Amino acid sequence: MAGRIITVAQQKGGSGKTTIAVNLAVALRGRGHSVALLDTDPQGSMGRWFLERLERLGEDAGLEFSTSSAWGASYESEKLKKHHDFVIIDTPPKIDSDLRPALRVAALVIVPVAASQVDLWATEGVLDLARREKCETLIVLNRTRPNTRLVGEIAGKASELGAEVAAVQIANRVAYAETLGMGLGAADTARSPIARGEIEALADEVLSWLP
Ligand SMILES: Nc1ncnc2c1ncn2[C@@H]1O[C@H](COP(=O)(O)OP(=O)(O)OP(=O)(O)O)[C@@H](O)[C@H]1O
Ligand SMILES: [Mg+2]
């Protein structure tokens with residue numbers, strides 16, 4: 001099996017990297033794909049999420065978790081992709097040469113941008129780095145307030161940065177924050193069908209970008 005590697009990266013803290021990484025994993029898992037999560041962020045949020053999930057739902061042979069250093073990301077993910085359909089790499093909120101191994105191996109780099117001007121400014125660094133590594137990159141607007149003028153403006157400016165912007169936007173919803181703390185994804189529960197729909201649509205869009 002030669003799985004596809006998806007890296008979630010953005011230097012701005014709290015933009016939604018871990019949220020998008022785990023929600024995407026749950027959605028792909030729900031479609032029957034096996035998924036390996038790789039956390040290169042020493043904060044370890046993805047690992048906490050995984051342990052919560054393990055306690056709540058028990059083991060799932062199709063969802064694995066491991067950690068690596070930033071520079072070990074390419075070796076580790078190449079190894080994981082031999083046994084999984086997808087490897088999803090979560091990265092820390094900083095931008096330096098350490099990020100390169102996680103970018104270099106990715107079939108797609110997802111860059112979450114919490115919908116504000118400052119977050120957009122912070123995005124240029126990771127886009128430059130991804131461009132130098134010749135990565136396919138997809139900006140995902142997160143924490144949007146749908147149908148506001150701001151989100152329209154940010155979406156417009158994001159598209160001027162020279163990377164693709166996902167048609168799907170992830171809105172600011174309590175369901176994302178709640179499920180993250182519980183080791184779940186929006187696609188696990190029927191409680192927030194709108195969040196679930198957003199994540200399923202994101203998964204569709206991400207799959208359409210993968211070779
Ligand atoms: N769409 C959303 N709606 C509501 N809350 C969200 C959304 N996305 C993220 N959050 C919340 O924002 C906070 C930061 O999200 P998250 O941890 O995913 O960001 P991050 O980019 O991984 O942060 P860090 O840079 O620290 O790793 C969390 O409390 C999370 O629950
Ligand atoms: Mg994180």
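Start by selecting ligand 1: 19 residues surround it, and the closest are Lys17, Thr18, Thr19, Pro93 and Ala177 (a residue counts as near if its C-beta atom, placed from the backbone, lies within 6 Å). You are looking at a predicted model, in which local features need pLDDT of at least 70, side-chain atom pairs count only at pLDDT 80 or more, and totals for chains, interfaces and linings use all residues. Residues are numbered from 1 along each chain as its sequence is written, while chains are lettered from A and ligands numbered from 1 in the order in which they are written.

Now colour the shell around ligand 1 by class: 5 residues are nonpolar, 10 polar and 4 charged. Here Ala, Val, Leu, Ile, Met, Phe, Trp, Tyr, Cys and Pro count as nonpolar, Asp, Glu, Lys and Arg as charged, and the others, Gly among them, as polar. Helix H1, strand S6 (137–144) and helix H7 (174–181) each give this shell at least two residues. Helices (H or I, at least four residues) and strands (E, at least two) are DSSP runs, numbered from the N terminus.

Next, select H1 (residues 17–30) with H8 (residues 193–209). Their axes, lines fitted to C-alpha atoms over the stretch in contact, lie 9 Å apart at an angle of about 80°. The two helices are therefore roughly perpendicular, a label for angles of 65 to 115 degrees. Look for Asn23, Leu24, Ala27 and Leu28 of H1, which meet Ile199, Glu200, Leu202, Ala203 and Val206 of H8. This contact has 7 nonpolar, 1 polar and 1 charged residues.

Finally, zoom out to the whole protein chain, with its 8 helices and 8 strands.

Note on methods:
Axes fitted to C-alpha atoms, helices over the stretch in contact; angles between N-to-C directions. Parallel < 35°, antiparallel > 145°, perpendicular 65-115°, else oblique. Contact = placed C-beta atoms within 7 Å.
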